[in-house]
Amino acid sequence: MLVLKAPLLALDIACLLAGMANSPTPPARYLKKRSERFLLAALPILDTITIAAFALETLIIILNGLRGLPRRLACLLMLYGTPESLHTNPHFIIGTMIMCMAAIMRYSCSQCIRPLPDLATSKDSDSEQKLVTQGPYNIVRHPLYASSLITGLGLFLIFSAKGTWIAESGVLDTGLGQLGIVLWLVVCASTDTVLMTRRIPMEESILKRVFGKDWTEYKKRVPWKLVPGVY
């Protein structure tokens, strides 16, 4: 089972890299508050740290399958745990499946979406702009942001379960590890709050200004912002 986990970890890394390549974060010029700009800068750092954790666990699994020095190195990288404590479980598998779903959703959006209209140049009569309503945008109005929330859910399931490097290495028993988890949770929660209260209303005001009647009709046809039947 330990060997089977390595491909799943590689899949998690691929999903995160795809998410970074198709980031739903709007350009910095649309984020006027310092707190929003901080989150804009912090999210790629958190993604990179998460990818590094997945990559480290993959490396440990590979090294543990070898003999001699590589296996001893794997034991050292586990800090206070052992490589044998790494394993898959339902939480990890479901979390990986959720992350794959989010990555597919982001890819579908990237095939449809165009850059956010520029407030300084866009006009109501701008014929070059076209409102995107197909694909995932026919289900919710902000599927890219929805995919970010889905990715967060997948990561939560993965890291909340036993059998991961973070859970088994003992890093969470250290002050630095606990601080890192707290910061990760704070940034994620803050990002979701900004998403709900700032980004979506700001972008919808832009879309209403640029597309006018088309946006109003689309909003009636697709009433949900992020989660069908909920919000």
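Modeller: This is a predicted model. Start with V230, which has 62% relative accessibility.

Biologist: Why does V230 count as exposed?

Modeller: The cut-off for exposed is over 50% relative accessible area. V230 is at 62%, so V230 counts as exposed. V230 lies in the segment after α8.

Biologist: Which residues form a nonpolar patch on the surface?

Modeller: The patch is made of M196, V227, V230 and Y231, and together they have about 330 Å² of accessible area.

Biologist: What share of the residues of the protein counts as buried?

Modeller: Of its 231 residues, 41% count as buried. Buried means under 20% relative accessible area.

Biologist: What is the secondary structure of the protein?

Modeller: There are eight helices and zero strands. Along the sequence the pattern reads α-α-α-α-α-α-α-α.

Biologist: Next, the rings. How many aromatic pairs are there?

Modeller: The count is two aromatic pairs.

Biologist: Why is the pair of F54 and F159 called stacked?

Modeller: Two rings pair if their centres lie within 6.5 Å, and planes under 30 degrees apart count as stacked. The centres of F54 and F159 are 5.3 Å apart and the planes are at 15 degrees, so the pair is stacked.

Biologist: What parts of the chain does this pair link?

Modeller: The pair links distant parts: F54 is in helix α2 (residues 34–64) and F159 is in helix α5 (residues 143–159), 105 residues apart. Both F54 and F159 are buried.

Biologist: What makes W215 and Y218 a tilted pair?

Modeller: Planes under 30 degrees apart are stacked, those over 60 are edge-to-face, and the rest are tilted. W215 and Y218 are 5.6 Å centre to centre with 50 degrees between the planes, so by the definition they pair and are tilted. Both lie in helix α8 (residues 213–221), three residues apart, about one turn of the helix. W215 and Y218 are also buried.

Biologist: Which residues have the most contacts inside the largest nonpolar core?

Modeller: They are F54, L155 and W165, in a core of 29 residues. Among the elements that give two or more residues to this core are α1 (2–21), α4 (90–110) and α7 (175–211). Helix α2 gives the most, with nine residues.

Conventions:
Residues numbered from 1 in each chain as written. Predicted model: local features only at pLDDT ≥ 70, side-chain atom pairs only at ≥ 80, totals over all residues. Heavy atoms only, no water. Phe/Tyr/Trp six-rings, centres within 6.5 Å; stacked < 30°, edge-to-face > 60°. Helix = DSSP H or I, 4+ residues; strand = E, 2+ residues; numbered from the N terminus. Buried < 20%, exposed > 50% of the residue type's maximum accessible area, 1.4 Å probe, protein only. Patch = residues over 30% accessible without salt bridge, like charges linked within 9 Å, V, L, I, M, F, W, Y side chains within 5 Å. Areas by Shrake-Rupley, 256 points an atom, 1.4 Å probe, with all protein chains shown as cover. Salt bridge = Lys/Arg side-chain N within 4 Å of Asp/Glu carboxyl O. Core = buried A, V, L, I, M, F, W, Y, C linked by side-chain atoms within 4.5 Å.
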